[in-house]
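Biologist: Hi! I'm new to this one, could you walk me through it?
Modeller: Happy to, let's bring it up.

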Amino acid sequence: MSFTLQPACGSNFVNREEIINEMIETLTHENLLMGFAFVGSRRVGKTSLLREVHYQLKAKDKIIPVYFSLWGLIEGTLDEFCRKLTLSIMEAYKQELSLKYRLKDLVKVPASKMLDFLKTIDVKIKILEEIEFAISSKRLENKKDISETVEDVFLLGERLATETKSRCILLLDEFPSITELKVKNGKAIGEGIIRKIRTIHESYTKTVCCISGSIKKTMNTTLLSSASPFYRQFIVKKISPFKFEDTRLLLERNLGFKLREDVISLIYNTTAGIPFYVQFIGRGLLKQKEQLITPEVISQIFNELLREEANLLFKEEFYSLGTKEREVLFYMAKESVNKPSEISRVTQESLNVISRYLDYLINKGIIRREERGVYKFEDPIFEQWIAEVLYDGQ
Ligand SMILES: Nc1ncnc2c1ncn2[C@@H]1O[C@H](COP(=O)(O)OP(=O)(O)O)[C@@H](O)[C@H]1O
Ligand SMILES: [Mg+2]
């Protein structure tokens, strides 16, 4: 058990028992073919959940979970996606295949060398050709093959599951980013790929998909709105920040001692229960003596977070936005205004323009409409950073 800024799983994972239990039960149930979709803002714990489910499913007999993050790609091309997902699926199936073919050595072969290895020992797996198909990048140069390539990759788990009499669970993190994969000439593949995957998805009998997405707009176009390709194909779960008691649990379990109530309250209020920030403060507390942990110490650690680690993170997020979007956010945070009319007044922009930019910011998952005419930051720490740190000392 320790504090971590990486996704948490195993002994580092706390809370969320209800959803984990529901998922494990559903995903391993022979007669159910229903996957889950996580919606929730950044840093709230979606990846941790997928990794924890992956970790727990690995221990189950004849269940082969494959975790894959679209944000883990480097080039961001369809080709890279297909190659890496193929390798991840192969890696996950190593053990099953080796049992089936009594090839103990198979488990020692790195996934990238798997295909060569299978060939050298002349295994007549009927899917071998298809795997090669998916891994070979040459095929992608020919545009009309994109659809087939996607099909090969998304059916690979299904075929291996049939071959080894198991069930494949595909856990696809930041799934909507799949539409941004680049094909020829650096153009994005677009939403057509989602419709394609949906068709494949409907044919699954041994594969279950779980997906996550940070940005509400893209999750909406993928699965939440009635016009979306995946409408009603997943059990949708909104992942919220930790509650007060969860925050206490994470802190006290990792520290190994109890904290004062006013200290936990302050941590909960300043972090809004977002696990990433709770982890961060927890890490700072490890250096402190138990009896010296006071609200003042918490404020100090939190200020460090805002000005150091989070500073880098937020700067990148902030400057990836357009000038007008930044201006709107700046005034919202700095002047504590949250109604379009007020924002219009302080920015001296017309109400129309402001409304348009508020919409863009909602689509990017930065703000949400709390109620009619009232807008709030999704991440209050980001807001605080804009207000206190962004132009500080410049
Ligand atoms: N259930 C949990 N238990 C402990 N820490 C968690 C949990 N969920 C998230 N965290 C922590 O919060 C941070 C962000 O989690 P992550 O899963 O990457 O969020 P997301 O994928 O939603 O952006 C990480 O530092 C992680 O360790
Ligand atoms: Mg994540």
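Here is a short chat about the overall build and the aromatic rings.

Modeller: One thing to keep in mind is that this is a predicted model.

Biologist: Got it. How many helices and strands does the protein have?

Modeller: There are 17 helices and 7 strands in the protein.

Biologist: What share of the residues is buried?

Modeller: Buried residues are 51% of the 394. The accessible surface is about 19600 Å², and carbon and sulfur atoms hold 49% of that.

Biologist: Switching to rings: how many aromatic pairs are there?

Modeller: The structure has 15 aromatic pairs. One of them joins Phe 330 and Tyr 331 edge-to-face, with 5.4 Å centre to centre and 80° between the planes.

Biologist: Is Phe 330 buried or exposed?

Modeller: Phe 330 counts as buried because its relative accessible area is 17%, under the 20% cut-off. Tyr 331, at 23%, is partly exposed.

Biologist: Which rings are linked into a cluster?

Modeller: Ring pairs join Phe 314, Phe 318, Tyr 319, Phe 377, Phe 382 and Trp 385.

Biologist: Nice! Where does the charged end of Arg 43 sit?

Modeller: It is over the ring of Phe 276, 6.0 Å from the ring's centre. Arg 51 lies over the face of Tyr 67, 4.2 Å from the ring centre.

Terms used: Residues numbered from 1 in each chain as written. Chains lettered and ligands numbered in written order. Predicted model: local features only at pLDDT ≥ 70, side-chain atom pairs only at ≥ 80, totals over all residues. Heavy atoms only, no water. Phe/Tyr/Trp six-rings, centres within 6.5 Å; stacked < 30°, edge-to-face > 60°. Buried < 20%, exposed > 50% of the residue type's maximum accessible area, 1.4 Å probe, protein only. Lys NZ or Arg CZ within 6 Å of the ring centre and 35° of its normal. Helix = DSSP H or I, 4+ residues; strand = E, 2+ residues; numbered from the N terminus. Areas by Shrake-Rupley, 256 points an atom, 1.4 Å probe, with all protein chains shown as cover.
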